[in-house]
Amino acid sequence: MPDATTADLAAAVRAVLYEPDFREHARLIAAEFAAAGGAAAAAAHLAALASGAWLSPASASPAPLTMFDVLRSLRESTATVTDGAGMVPMSAVCDQAARLARTLTEYGVGPDTRVGVCVGRGIGMLTALLGVWWAGGAIVPLEPEYPLPRLETMARDAGLRLVVSDDDHARLAGSLGGDLTVITPERNAAEPLDPVAAPADALAYTVFTSGPAGPTGVDITRRALANVLAVGRRDLGLGPGDRFVAVTTAAFDITLLELFLPLVCGTSLVIAAAEDTREASRLRSLIERNAATALHATPHIWRLLVGGGGVPASLRLRLCSGDRLPPDLAASLTAPDAVLWHFYGHTETTMWTAAGAVAAGEGPVVIGPAIDRTRVYVLDGRSAQVPVGVVGEVHIAGVGVARGCLGHHRHMSTAFRPDPWATEPGARMYATGDLGRWREDGGLELVGGTGRRVTIRGVRVDCGEVEAVLRTHHAIRDAAVLGVPREGETALVAYVVSDSDGPARSATELLTLVRPHLRAALPEPMVPTLVTLSALPLTRDGEVDRAALPAPEWTVTRVLPRNPVETAMVRIWADLLGTTEPIGPHDNLFDLGSGSLAIVRFAAWVADTYGVDLAIYRIASTPTIAALAEIVSADLNSAHIAETAGEAGLAALSDEDLDDLLRVLFAARDRRRAAPRDGR
């Protein structure tokens, strides 16, 4: 039996084990105790360290940054901001934001006032976000590409009365509620306003994420956001000599870091247009054209870039978050003159909880250490900390924990729990649903999950929400949704049982009927592949036995290709998907299990075979061979017409005729280039 002092030492070691900066210190003290037997002194010292609550000693932590400090640094910045329309100095952006803030305060905006932002990607989006903060308010991002019913739910749950929009999306913003006022900053001529001071615990933003009962609004404070910005400014080494490319959609909280972290570091910012983020060639061209040195992206976007010609060498700082970083992708992103960082966190804990540079090598990418003023626990089913090597559920505590979730009290009571190791009263920790274990080297390794949430192309999806939408369709009696590994990524699969009271339908008919219903309610990454079953397998307790669900076959009923282009495309898709099953021209390629890497390879094959630059955006938006073959054939026909005209003899045309022909050709080119933008 261990004596009391030995037990005290063991308890003290466990109390600091979750804090990576103290872990090495704890091991050294334990070694000294084993050699000299000074258990009481060692235990007292470790307990004192544990009582500090924060991960890092005060001397190592940056002085707390406030959002007022952020706004002041932005106003003094010499950085520039670039989008598709051109480049402007940050001082001009701040001037416009200050004018917008004046208008917002006249409408009553102040601390804890939520303001919707429904703006297309570009400098206008940055101005709108900054203007809300400048007025002391809280941002509610409203992604214009989301289905209208989802946006209406978000606006209603957030209690929005004001929405900042642009000319392109003002009508959409105005349709989200009968009593909404829409403000467009483009024509704002109000006098600039000095930044409004707001308490550190006031809201910075409310962002909606997928939840079991539908979109769930998560409230994040200004103190929490400022803490992440302070850590990034200190640790990442961004400076005036860098150029940072922002690619993430406004629907996600990480957009705020992509936009404002570079600017508080004095780094110039390049805001990628939506179409530039959807295909590797355009994103690579944007990076090279702007000589960008830093990029943050999800593993999905990084994989697109790697597979679409490789990562530009100018990117010396490569930041990755939003999902686990697979070892093969990490190896592709490491380079002698570049630094790769991996970040772990959740929307409910202000994006980044743990951060670390990734070293080249084999094995899983380890998470950690936790950032300043943040604590990470690995707990067992009794909420006790587990030893090194033992799997438990990851919990996160500290200033980053969300203030609350809109209207979801059950979620609050189960996911947010009192933190028994905190020194501050009322402190809470967030149960992430991730399973992990501490490693001997002090890193945290994720090994799975306990909940029903999966990450699809960088988007967190609650399977329960997708199931609920499916069950609202009259043709579906029951459904079970889960994530299934496919081509190094995760595919979202829904196992559905049709309504026995309705007419008999084939699998293809059911898919055709249900898919528009899903797309009308859910963002594209949340629309699953459908697998029809006669019944869902059940456990003895009557619950769905998800482990007994069959593996998807990635096949559907199909017809024969109808022309040489379709025939060639069917063959290449069979090779890319590794299937011997026949593929038809009307099959949805995502239903067959296509991933981002297959799409990149297909686009490269089309370019090599036909000389047609088929945008990845077009493949994702029209994912059938019939539609893609039609696009390629139309391009080939245009080329043939031009060639025929050349054979007829351009020399016979007058100067006026040549001018007219050139105008027609350039107009056709511009329409083709604008097609992805128009389809948003």
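Which residue lies over the face of Tyr 146, and at what distance from the ring centre? The residue is Arg 150, placed 6.0 Å from the centre of that ring. Keep in mind while browsing that this is a predicted model.

**Aromatic pairs**

Trp 605 and Tyr 610 make an edge-to-face pair, because their planes stand at 90°, with the ring centres 5.8 Å apart. Trp 605 is buried, at a relative accessible area of 15%, while Tyr 610, at 21%, counts as partly exposed; the cut-off for buried is under 20%. Elsewhere, Trp 341, Phe 343 and Trp 352 come together as one aromatic cluster.

**Helix α17**

Helix α17 covers residues 564-577, which makes 14 residues. From first C-alpha to last, α17 reaches 20 Å, close to the 20 Å expected at 1.5 Å a residue. How many of the 14 residues of α17 are buried? Ten are, so the helix is mostly covered. Among the buried residues are Val 565, Met 569, Ile 572, Trp 573 and Leu 576, and Glu 566 is on the list as well.

**Cavities**

Searching the whole structure turns up three cavities of 30 Å³ or more. Two of them are set side by side here.

| Cavity | Volume | Lining by class |
|---|---|---|
| Largest | about 50 Å³ | eight nonpolar, three polar, no charged residues |

Eleven residues line the largest cavity, and Ala 354, Ile 367, Gly 368, Trp 438 and Leu 444 are the ones that lie nearest its centre. Around the second largest cavity, the lining consists of Met 125, Leu 129, Pro 141, Ala 250, Phe 252, Thr 255 and Leu 256. Two elements, α6 (123-134) and α10 (254-264), each give two or more residues to that lining.

Methods: Residues numbered from 1 in each chain as written. Predicted model: local features only at pLDDT ≥ 70, side-chain atom pairs only at ≥ 80, totals over all residues. Heavy atoms only, no water. Phe/Tyr/Trp six-rings, centres within 6.5 Å; stacked < 30°, edge-to-face > 60°. Buried < 20%, exposed > 50% of the residue type's maximum accessible area, 1.4 Å probe, protein only. Lys NZ or Arg CZ within 6 Å of the ring centre and 35° of its normal. Helix = DSSP H or I, 4+ residues; strand = E, 2+ residues; numbered from the N terminus. Expected span 1.5 Å × (residues − 1). 1 Å grid on protein atoms, 1.4 Å probe; cavity = no way out; pocket = protein on both sides within 12 Å on 5 of 7 lines; lining within 4 Å. Points joined across faces, edges and corners; volume = space filled by probe spheres on them. Nonpolar A, V, L, I, M, F, W, Y, C, P; charged D, E, K, R; others polar.
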